[in-house]
Every structure is written in C-alpha cells, then in structure tokens.
Amino acid sequence: MPTAAGAPKRQKGRAAPQGRRSPAPRPALAGAALVVAGIGLGATTALTITAESVGQLTATGGLATFVGNLTGMVGTYLALLMVLLVSRIPLVEQVVGQDGLLRWHRRLAPWPISLLLAHALLLVAGYAQAARSGPWHEVNTLLFSYPDVLIATIGLGLICLAGVVSIRAIRQRVRREVWWAVHLGMYLALAISFAHVIVLGPSFVGHPLTQLVWSVAWAATAGVVLAYRVGLPVLRSFRYRLRVAEVRPEGPGVVSVICRGQHLDRLAVSGGQFFFWRFLTRGMWWQAHPYSLSALPQPPFVRLTVKGVGDHSAALARLRPGTRVAIEGPYGIFTRHSQRRSRVLLIAAGIGVTAVRALLEDLPRSARPVVLLRATQRADLVLGTEIADLVKRRGGQLHELTGNRMAAVIDQYSLRRTVPDLKERDLYVCGPEAFVTGVVEVARSLGLPDEAIHHEAFAL
Amino acid sequence: MKRAPLLLFAGTAAGFISVLGFHLRQAPPTVAGASPSGGASAASPSKAGLTPAGPVAGRSALGPEEQYGYGVLDVEVTESGTRITDVSVPLLQTAEPTSQQISEQAIAMLRAEVLSAQSARVDAISGATYTSAAYLSSLQAAIDKLHAR
C-alpha cells in the first residue's frame, strides 16, 4: 500500500505526513443489516395477520379493512427503511457506498408511497362498507371523528409530495433546494403519522408489547438519523476546524479550494471519496454539496476541486480565505478497497478527474494504472500534470482524449485498442451520469464482470 | 451484494415465522376460561335457590366499567328468581364510530348468548374480542355482586 513515499509534489514543497485511510469495508455486517431489515418486514406482516380473525375478515368491508391495515403497516415499515438508507450508517455505507444507498432508496421509494396510498383508500372503502355509508361521508368521518387521522393524512400528503418531486421529469425542473426541503418534510410526515398507528392499529390496541417494540423501532430510527446525519458531522466539523486557506484557479471555470484544519492526520479517508461541504458564509451556510477530495489530505491541508456549473459551485470561486467549513463524510466506495484485480483502468470525464486524481494517489505501485481522461478541449483537462506525474511513478500510461462527444468517443473498438488487457483490470469510471453509464455498458459488452466495474457519477 | 435478495428474503421469513410462532404459543384466551370467578357463578343457582322467591320483580346489579382497547363499557344484569332476564349496557363509549358500530353489533349478539346460556360463560364474538372480554367481565362481576347480597 502506498504511503508518504507515493505522495506527489503538490502544494509546493509542503511535505507533510499523510492522513489515515478509511477502514476496509466489512460486507458481512451489511449482510447482517439486510437480514435484520428482512426480519422487521416479516414481523410487521405477521403482526398484522395475527391481529385479524376469520370473523373480522368475512364481515362486511372486512377484507378491504384487513388489506388496508396490511398495506399501512408494511408501507410504514418500508418508509422507515428508506429513512435508514439515507441515514448513511457508516458500516453499511462502507460496503455499498452512498451511491448504492441512494440507489436502493430510489428503488424502494415507489413501494411505501403506493402502499400507504392504498392503505388510506382501502380503509375508507372498508369502513364505508361496514358503516353502509358513502365513501365521501366516510372520509369525513375518518378525518374528523377518529383520533390522529387528520394529522396522519397531512403526513400522507407530504409523503406523496416527496414522491412527486422525485419523479425524474419533475425533479429536473425543481430547484435542488425545493427538492431538499420537501424531503426534509418526510421526517415530519413520519413523526405525525406515528400516533394514529398506535391508537387505532389493530396490532397495537391492547397489545402493550407490540406498542413498545414499535415505539422503540421508531425512536431508534430517529436516533440513527440524528446521530449520523447531524451528530457525527457536527462532531467532525468541530474536531477538524477547517477554514478556507486558498482558492486557486485550475482551468476554465475550475477552482481548487484548499482548506486548513487541525488533527487531519486522524481523518480516515481514502482516495476517491467525497464529503458534503458546507461553507459557513452568508448565502451558503444552509446548503451542503458533495465534492470529492482532489488529493489525499496532506495535514494540515485538504483540497477539493470544483467546476462552477451551478449557483453553489460557481460561488466557491469567490470564497474568502478564513471562511469556516463544515463537513459530512467521507462517503463513497470509489476507492482502492473495491479493487479486485492487481491492475486498474481509470477513466474520467470532465471534473470527474478529481476523484480519479485522489484515487490514483492511493493505489499501490503494482496497479500499473492506465488512465483515460476525456474533455471537450485541452484546457479542460485540469490537474493534468499532477496526474501525469502520479501515473509515471506507478509505471502506468496516460491517454488524453479531447474533442466533442462525436469525435472523442469511448466505444468497444477504441477501448480495446487503448487497453488490450482490459479484461484483467479493474475499471474505475467517474464523470457525468450519461458518460458513466455509457462507459460501463461498453466495459460490460467487452466482458468485464460487474464486480470489477466501479463508478461514481455526479449530477450537474 | 449478490446475495442481497436471498438475505432479505431469509430475514423476512425468519421474522414472519417467529412472530407467528410467538402468537400461536400465546393462544388467544377464551373468554370463559379467562373470567376468574367462573366457578362462583356455577355455584350460584343453588345459593339463589335458598332464597324463597315468588314471581318477584327483577333485581339488578351494575358491573364495573371495563376499559378495553377501543373504548369503555359497563354491563347491568337483571335477575328474576334464578333466571337472568335481562342484560343491558348503560355505558358504551368508543374512540371512533367504527368501533362503536362493531361493539353495538357484538353486544346484541352477546346479550342473546348470555340469555340463552344463563351465565357469563359464553364464547367471545369473533371480530370483537376486546368488546366481548370487557362485556363478559363486567357481566360476571355484576352477577357476583347480585349473588353476594
């Protein structure tokens, strides 16, 4: 494994001891977490079924009421799992990555939303049948004479709203801040719908044990979210006390932000990982954005390199030295821990070069890396000299591919010609989502198995 | 994480089976067995037989208020001689209308059962387990109260 010996001559002669590397992932623990999640799902389903009797089921409206209860319980449980997925429990995140957690979160999302909607509709139908009244009358009764149902319905509305703004076509049209605020509303939605479950749910009424278990599960979920999304980042930010030291232009619209901090030799991070950065200055303090480290920490410095494409990233160029910086992370599995073969191929497009730059520094000399950088024009190939230096030290090759998307294309033919031993390498690819998807497809079609393909995509 | 679906499924099955198993071991209490003073009521007819009584007007007693998950109720029993001639529910409050409706239906059925069995030792109404338990418990206490006089 590389140590200080492999460090580049970056930051002009500031030869400092290197920081710690992030711990190796333990897949068995993530597997155990998955089993626990399954146990909860099975238990929730069984609880609903055991609360039911044949008499209730065959009564008028009984079937709709039962299915309504079942969808409500399972939907709520899945909603809790979604919250846990984005709480980024470190032991799980180290195995599947922030990327993977979000993918699961997105894949799971339609289920709780549709199940909870079905829950509301089915219970209206079932209760209306039992009361021999119309659905509108029953909606009215449910909302205004049942305890805690009105507020839970508001919660359902918030959940649906979060679902709607996450639909791809709509998400691209709303501001990131709106999308974020709506998602924050999910926590509120779940909190305010808690009461009606305990007070009215057939699995809970008169069952102090299930009430207790359910309440503990909710409190624990809230605790995990608070600990890992709030507590840990605050703690780390206070510990490392980062401040902007210098903002340095790297290329057209690209700047490096160099931060100075304390105890950075204790910060466990691998090359290729990223943090959520929150710059505590007016107009920026309230939002955190994900940017990769563009080099391994060299205490007391860390560096990120950002291309100004959005409001936030463009504002980074105007950061004043001395600005305080809060961090959340590190996250991501675009690291040497994912490496399965001895040699690697690194492909980066545009500003994706930052993660590849830091990863390169972290790779063993034996990796003999082939690095493929793609940009529209030569000037956009930022950090080029640093990368050339790192590649040279590891006995690798550097290919630079410039031109528009039609001319400088990475396809089966060009990839096979550039990297004849592709099938014996791990592929790391970082860049815009469309680029990453394209390269991954090409690699697969050339026979590279999924476990040898590692990617990190960023959204513009 | 190729085994992810397998692990998830195994967990789900384990959770489902263990909760189901736990539930089955804790067999749902039958109401008759659960009423603790059932024995006393069995002895009551002979005791009542000691009191010479003609066709007297009914004597009645009110059972305690029983809280159950979905509400609260109490039961009043009326006996004429040794026969239970009427059972009524002066108080029935529930959290919401559906429970009210379920309880009212169950109470009517319980009343019929009790009048034909002449005791509180009848089966619970399925679909209204809590209402039945509360009803029969309050009824049993009312009967005991009547016979203790």
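Me: Before we start, what does buried area mean here?
Reply: Buried area is the accessible area, taken with a 1.4 Å probe, that two parts lose on being put together, summed over both. Please note that this is a predicted model.

Me: Then what area is buried between chain B and chain A?
Reply: About 2300 Å² is buried between the two chains, and carbon and sulfur atoms give 73% of that area. Chain A brings 37 residues to the contact and chain B brings 24.

Me: Which parts of chain B touch chain A?
Reply: Helices α1 (4-25) and α4 (97-117) of chain B each supply at least two residues of that side. The most comes from α1(B), with 12 residues.

Me: Changing topic: where is the kink in α10(A)?
Reply: The kink is centred on A:Ala227 and is about 40°.

Me: Which elements cover its buried residues?
Reply: The cover includes α1, α3, α9, β1 and β6 of chain A. Among the buried residues of α10(A) are A:Trp214, A:Trp218 and A:Pro233.

Me: One more: is A:Leu383 buried or exposed?
Reply: A:Leu383 counts as buried because its relative accessibility is 6%, under the 20% cut-off. The residue lies in the loop between β8 and α13 of chain A.

Me: What does A:Leu383 touch beyond its sequence neighbours?
Reply: Its contacts include A:Glu250, A:Arg303 and A:Val353. The C-alpha atoms of A:Leu383 and A:Val353 are 7.7 Å apart, with the two residues 30 apart along the chain.

Definitions and conventions. Residues numbered from 1 in each chain as written. Chains lettered and ligands numbered in written order. Predicted model: local features only at pLDDT ≥ 70, side-chain atom pairs only at ≥ 80, totals over all residues. Heavy atoms only, no water. Bend = angle between axes of the 7 residues up to and from the residue. Helix = DSSP H or I, 4+ residues; strand = E, 2+ residues; numbered from the N terminus. Buried < 20%, exposed > 50% of the residue type's maximum accessible area, 1.4 Å probe, protein only. Contact = heavy atoms within 4.5 Å. Lists of a residue's contacts leave out its neighbours within four places in sequence.
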